[in-house]
Every structure is written in C-alpha cells, then in structure tokens.
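Please have a look at the sequence and the model first.

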2 protein chains.
Amino acid sequence: SWINDAEICCLSQGATVRVEYGDATTTIDPTGAHAVAQAFPRTYGQRLVTFLAPDDTAGAGKAVDERPPIRVGVVFSGRQSPGGHNVVWGLHDALKAYNPHSILYGFIGGTEGLFANKTLEITDDVLASYKNQGGFDLLGRSIDQIRSSKQVSAAMTTCQNLNLDGLVIVGGVTSNSDAAQLAETLVQKNCKTKVVGVPVSLNGDLKNQFVETTVGFDTVCKVNSQLISNVCLDAISAGKYYYFVRLMGRKASHVALECALQSHPNMLIMGEEVALSKLTLMEVINKICDGVQARAELGKHHGVLLIPEGLIESIPEMYALIQEISILHNNNVPVTEIPTQVSPWAAALFQFLPPFIRREIDTEQLLAHLVEAEMIKRTKEGRYKGKKFSSVCHFFGYQARGSLPSNFDCDYAYAMMSVRRHLRGPGAIPIGKPAIHPSPIDLKGKAYELLREKASSFLLDDFYRTPGGIQFEGPGSDAKPITLTIEDQDYMGDIEMLKLYLDKVKTIVKPGCSRDTLKAAISSMISVTHVLTVMSHPLNAELP
Amino acid sequence: SWINDAEICCLSQGATVRVEYGDATTTIDPTGAHAVAQAFPRTYGQRLVTFLAPDDTAGAGKAVDERPPIRVGVVFSGRQSPGGHNVVWGLHDALKAYNPHSILYGFIGGTEGLFANKTLEITDDVLASYKNQGGFDLLGRSIDQIRSSKQVSAAMTTCQNLNLDGLVIVGGVTSNSDAAQLAETLVQKNCKTKVVGVPVSLNGDLKNQFVETTVGFDTVCKVNSQLISNVCLDAISAGKYYYFVRLMGRKASHVALECALQSHPNMLIMGEEVALSKLTLMEVINKICDGVQARAELGKHHGVLLIPEGLIESIPEMYALIQEISILHNNNVPVTEIPTQVSPWAAALFQFLPPFIRREIDTEQLLAHLVEAEMIKRTKEGRYKGKKFSSVCHFFGYQARGSLPSNFDCDYAYAMMSVRRHLRGPGAIPIGKPAIHPSPIDLKGKAYELLREKASSFLLDDFYRTPGGIQFEGPGSDAKPITLTIEDQDYMGDIEMLKLYLDKVKTIVKPGCSRDTLKAAISSMISVTHVLTVMSHPLNAELP
C-alpha cells in the first residue's frame, strides 16, 4: 500500500480479515529516510498494518450488506511468473466476500491495456480455467512500465473513468517502484484510487523484513532444480563433460542459491561473492579451473556449474565493457567496428573475447570457452594431467517461468492480498529519485552460510540431489524454498520480543525497587540508547 | 534374444515366469530375409517366445534348489535414458528368484568396462540408492560400441573369463545392432554366453510388432512436454515471440510427435513428412512463415514450433551439405576454407547460411534465422502486415534424459526381461551387413492421423495443454504415452484373431458340408493366398 492505511484496508478487510494498526514505519537505511520522505511526502512513514484472522468474539464487523461495493482494477506488469493468476483469483474472492456487488476489472495486454482502458470483468466463469495455472495469459502483459508522465496520466485517467477504488499492480522490483510512484502521484492529485503493488517475480529479489519471498520464486526454483539435477545425473552417467548452466533471475543470485541448495551441483559462482571480493574475469576462470583440476585428480571429468544471470555485471571490467557495447548496439554499430569505438581498455578486453561472444554475450558460453582455453594452457604447462575439458552450455529460465505453480505459490499468491511497504526495502537509494532495488544475497545470512559449509563437498563428492518435478500430491508437494525455511525471517516476532523485554524492564523497575536496581537500569538504558543512536546515524549520513 | 530360445529363456524363467514357444519368425520386410539369414546363420528364424504368468495348476516348475545358479553380466551402452537402473534391478531380482546363488555383474564404465573386465557385483546394497532413479551412474557408460573385431574379441574374452551364462546389453538402435552381431559371433565361436539386447533409449525409435516402446521414451517425452507447455504459456503471456524448440531424439520424430500430442504447440515439422514430400529448405521455411502469417491475421504474434533433431537430415540438400561439411570438420579444415573444398552446389548453399550457423548447424537457429529473413522480405513486399517476427531458440534433451523415470518407465524397465527380435524390425536393410535402423513415424498410423486432424486447431487456436511435471502419486501418475495408447499395437492379438478365423473355416468346412460351401471356401482361400503371395513378394524383390 502506498497510501493511507485506513483507506487502503477496505480493499481486503472483507468478511474474513481483521486489521490492526501498528507504529509508523521508516526506511531500513536511515540515510535514505530524508530523500524518501521528500519524494513521497504523502505516502512515506505510514503506520504498519497487520492482517489478523477475524475476531468473532468482538462482533464488530459490519454485515456484508452494510459494506459498500468496491471497484478494483488489476494489471500484470513484469516478466510472467507462476502464481500470477492466483493473485487475481484471490483478489476476486476477497472482493466478492466483502460485497458481492464489488467489481474486479482485469486490464487486457498489461500496462498498455491500463493506459487504453481495455478491460475484462473478472468473474468466476472467466477464472475457471486459470486457477492454479501458470503464465500471465488470462490478461497478458506488454511494456511493463508506468513511468513517463504520459503513462502515469493515462493510468490516472483510466482509474477515474472506471471510478476505481483500487488498482493492483502485479509485478517485480521495477513494477513496484512504478506502483509506489503512481500511488504518491494519485494522492497528490486527489484521485481516490489506492495503488497496491503485489510482489510477483521469479527472481526472488524483492524481499525485505515484511516480504519473505515473491510469488513464483518457489516454482521457478523447483523447475530449475529438477532440470539441474537431471543434467547432474546426465553428467555423472557419461562422465565426460561439464555443464555450464546460466539461470534467469536478473542481478541477484537468489534463484541460483536456492537451486544449488536443492540440487547440489558442483559449483556456483555468485555475483554477490564476486563483487565483494572484486574478482577479475581471469580470477573467476581460475577458480573454476582449480575446481576442474581438483576433480580430475579424483578421476572425475564431469561436473555441473551454476551461473546466475547477473554474474557478468558483477565482474567490474565486464560490466564496463557491456555498458559500452550496449550503447553501440543500440546505435546499430556493426560488430566489426566496435573495437574502434570503445575505450582503449574495453577494446583490449573485447579483442580478447572469442568472436562468437562479441555478437551477444552469453555468460555461460564465455566462461566455458575461457575455462577450456585455460585448461589447455595448464595441460601444455604440465600443470593439468586430466582428460580434455569439454562443456555443454544451457540457459534455464524460459522453460521454468511458464510452469504450473507449486502448491506453495498457488496458496501464497491466492492469500497475497496484504499490504507491503517496499519503500523501506534494503535497496532504497538515498539520493535522486528513490526506487526499489533488487535485494542481493545476504552474505552473512544462514542460506549462504549453509552453501559455504557444503561447498567443498558439493565440489568433490557428487552428492547430487534429485528433487524431481513439482508434485501436487503426496510427499514433497508442500515443500517450501530451502532458503526461506532456513533464513531467520521472523522480523515481526523479533519486534514483539523487544517489546516484551521493554515491558519486563518496566515490571522490574517499579516505584519501590531498590536504588541500585534503578541505577543499573538507567545505566543500561543510556548505553543501549547510545549504541542505537550511533547505529542509526552513521557518520556519513545526512541527518534529516 | 539372439540365440536359441530354449537356452536364453533360462535367464528369465524364474519362479514367476512361464515360457511358451510359438512359430518360427521372419523379417518384417520379406526382401531382407535372405540377407539377414545369411548374415545371422545361427540366430535367424528362431521361434517366437511368449512369457506367461506362472501356471500354478500345472505344478511343473522345478523347485528353486534344483535350478543351477547362473552368472550374468550387464552393460550400459548408449545415451543415458531414464529407467536404465530399473533394468538392472529387475534383472537382479529375476536372477535371485531363479536361484539365490546366481550372480549379476555390472560392467563399470560401459563397454570399456566390458572389454577390460571391470566389474561390480550387483547386490541389494548396491542397488539401494539407484532404484527408480534416473541416469546411468550406477555403472556409467563410455564409447557405446562393440563393433570392431578387437572389441568383439575383448567382449568374448571377458564373457569367458567370468564364465557368463548371459550378457545383457542395455541400449538403443546401434547397441542392439551390436548385440545381434555379438550374439551371432559368440554362437559361431561356441562361447556359451547368450546375448540379450534390452531396448533402452529415449528416442522411442526401436519399436516394432513386439516392442511397443523403449524404456525412457515416456519419461523424456513427459519432461519435454512439461517444458514445452511452459514455453507455450510463456509465449502467450508475453505475446511477442516465437519459440523454436529442437528436441533430442535422433533421426526419427517419435519424441516430437508424442510431445506435440501432449502439449499442443502450434507447429511441428516432422522429418518423415519432409522426406515424403521431398520438401526443400525454402519450402519448409515458407510453410512456417505461412503459419506465422495466418496467426498474425488473428492478432497473434507468438507461437511455439517443434523441430525433431533429425529434421535437418530429412531435407535432401541439407543432408548432402552436412555430409560434406562433417568430412571437412573431421579433417580439421577451418570454417573459412570450407566453401573452396565442397562441391559447387554445396558451396552455394553454405554461403547462403548465416555465418554463425557455418560453425555448427543448430537446426532451430537456422530455421529461426531464415524465417525471420523471409518475414522481413514479405513485409517489404507488402504481403505481411503483422508485427516484427521475433524468436527464442531452445534445444531440449540434456535436461530430460537424466530425469527421474516416470512410474511407467520404472515398471516397464523392471519387468523388461523378455525376449526381443529386433532383426525383423522394419528398418532391416536388404543388402550389405544387416543392422537395426531407427523406425520412422508411421505416416499411416493413428498417432500421426490424430496430429493431422488437430494440426489446424493447434496452429491457430492456442489450445495449449499443460501436463505439468511427472507425478509419482495421484492423478496422472500412471499415464502412458499418448502415441502408445492410440496406436494399434496389439500385433499378437491380431495373430490370434487370424488363427481363430482359420479354425472357424475348418469347423464349418468339415466332411459332410455342402459342395457349394466347399467350393466357396476353396475359391476364397485361393484368392487370399494369391493376395498374400503378391504382397509378400513385391515385384522388385530378390526372391530367396
């Protein structure tokens, strides 16, 4: 929700949900609070809203016929992700439970349909063949953007023409940034339509203390893990080639990490690790070659390597080159002229790349090629004595994102109509126009820790795990993502725990307690206040 | 089985199977009978063997302790295919049921392990973690060949050293050809080891009147169909690109046909169709472009096209070029020099191909490239008015063949220890050295007929079907391949039916029947005999 809690809650406060208001919220990075507050004067700092099971004993809910019917629009914006249809289904059921005369419009053709006011009224009949189904084909998607003033104004006109109480935008990081901006704009222009962003994205990169995962992440990781385990078994059966598997998932490595924990491939090169260690391309290559060599010494000449889609951007020199090349590509400069038009440094790197890569940079093919070259070099120098290195390359993503959603994603998407505050996501940038940034892998988190613990065994022991296809009944059908299960996600529980401790202090330090107890309490509270003040206002922060 | 029925049957005639001998067999193509009989003097023309459930009422079976223990070896030869492990498991259980002291050796590292006598004794403990699992990693595979006299002689030496009663070769078309040849050789050299070929191959191209399908075909088609349906939903959700999906499966189009019936993509270009109609590359391209154009007229700018791996060889001019190029590649001729070294005609075609294809011919990329060029041409000529054609290419195969086997393949593989007669497969060639050839799609068969019936609806209506991942419990978990279900596979039932009719004639035409009845019977039998004689000896056949 990007607007006033009391208003937005009408959207989902149907017969089956109760709403509780909490404290006002802030940005996760205190240095960004000022900028976000300035950019979102009407929607920043709202109170936290928690949805609860209906409180039958209170009997306070209005009867269905006393609630006004509401009008809501829903639009798909962003790469298709399993579970999208169930968001629409859940929204429809919630609206009808609130008041059967409520209306839900789907915008046909994504944001283009929103701008052009092309709608389909969502009914039980319309939903019948889309429940629990993959794809976004009920409504489709198009340019996935509500950003230019023309687009924002077209969206507002549609909201007004349809007299919408709410607009639900289903999408990932960029779509939710756009949703936040649109929410602020509509409030500023006194348009009554409340904007809700729903985090549906295979990337799993829109997560924070309130959003544990995105809809579709579980399914896509399960399908990818199934395929990765298939190529693991394929590799070990033939014993003669390495699979280089690139995984769709944008900049962050969430999909790759989850898939690695699911299927136990031999290696995973995470962009976040490479960026932290500032590895060069050749250092990455050498790391892989060292793995190949260690395996060869055990008589193993096969293996599986996972490469997150965003890895290439995490290698500083590659990122710079990609930036330069993509500008030239956009200007239709032929491949042969590229070296003459980039910086001398980028030209040198470009010439070093194999010709087939210069056309389009497929990371997995680039790495496989360079690893092969390095292994040949090591063989000539007598450092490597194993069999000839051989590779097969894959890019997994398109095969997964149209999948039937897992039970987890079906249920999560259907029940997803809750209020999110992405503005306080870890990636909110402190200057310029605030936007939601993909959250990277937490290199201090438990999931990464687990991977590091097992990395050496994964590399050498071939304990491949075969999760198989997504099951809809029987054992494993309700499995959750491993990363989600092991990460300490109970942020709200921790907030409650802090409150308990504060209450305990009050209980102990009551009038009548000893002077020493009081002194100890004051001293400790001064200390904790001091520490938190320092932590909340780093030295380089611009104070609001 | 390649040798005497009575002998080989000991392998599987355990406590739970009864054997019945039928008529002597022949080749399916009568013109090949002479050549096959000459090449396989000791193993051709054996009697048909049928395995039956144990006949408890007969009580004729020997007690377990009266049966001698037997020694059998098993080797994986050929591309890994789901269910291979269950063949070993089933063989192990059958041998132990026959006599608990029987021994099963697995050859480690495929045929290389067979030549070098590198074995692993198969026990319950060894099998524990491989039951119902994909891959061939229990034993591995290597060069997949027992062909040269050196290889055959090494295999025989191992059989003699281990004192094997039987050798089971698990593989596809070529491995079963090798198995047939090895069986004949061993009989000729008085080696007691009986050779059994087990048709395990994802291609589904080793089928005839006795072998309804190969082990692994069902699983691979299910995984591919899952992925194809995922890209179908992906295509229709975004509405802006065509998927060109090439499917592993060697020369014949069985995998592609089954997957098309499972997932209902928009187009399937079968090699068998192209070969029958002698289509040129440009005719194939135009066929696809016509489909794209017809869809654009309905406002559809997305779609999914299936391409069997063997399609390219079915286009005569491409086949000739591939032959010429592959010889040059094998001689390490650089790509730039190829045009000067191939025939003028091939050189012209080679120059016509896009540069990235010249390195390695990926059919799906070639077709996508040429379709795009043709659509641009049609746009310029004003014949096509739709949106710009855009494509995404895939090759599905490696992702599927390491899969957990489906329930069908698990059971089929476990129970697969029956006798096969591939020599009479439809592809046995009439002159030279007989070998098993992949059986092509029967263009008069019911499966193909079903596809033709639905082709226009598939092309235009987007009735995509989403079978989802392989289920191991619940609805759909015991589904069989569609092609298998609808094809009229009851060959043995038909043989029985013919016998019934012959018996009926005997019953009606007994001494005492009217002269007219007898005359009518003789006249009809002369006629049927004449027709069958003509059909069995085509005009161009070399009579034996």
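Across the interface of chain B and chain A, the rule finds two salt bridges, a salt bridge being a side-chain nitrogen of Lys or Arg within 4 Å of a carboxyl oxygen of Asp or Glu. One of them joins Asp234(B) to Arg401(A), with the closest N and O atoms 2.5 Å apart. This is a predicted model, in which local features need pLDDT of at least 70 and side-chain atom pairs count only at pLDDT 80 or more, while totals for chains, interfaces and linings use all residues. Residues are numbered from 1 along each chain as its sequence is written, chains are lettered from A in the order in which they are written, and side-chain values use heavy atoms, with hydrogens and water left out.

How many residues of chain B are in contact with chain A? There are 42, and they touch 42 residues of chain A, where contact means heavy atoms within 4.5 Å. Between them the two chains bury about 3,200 Å², 50% of it on carbon and sulfur atoms; buried area is the accessible area (1.4 Å probe) that two parts lose on being put together, summed over both. In chain B, Ser237(B), Tyr398(B) and Gln399(B) lose the most area to chain A, together 18% of what that side buries.

Turning to cysteines, the structure holds zero disulfides over all chains, a disulfide being a pair of cysteine sulfur atoms within 2.5 Å. For Cys393(A), the nearest cysteine sulfur, that of Cys289(A), is 14 Å away.
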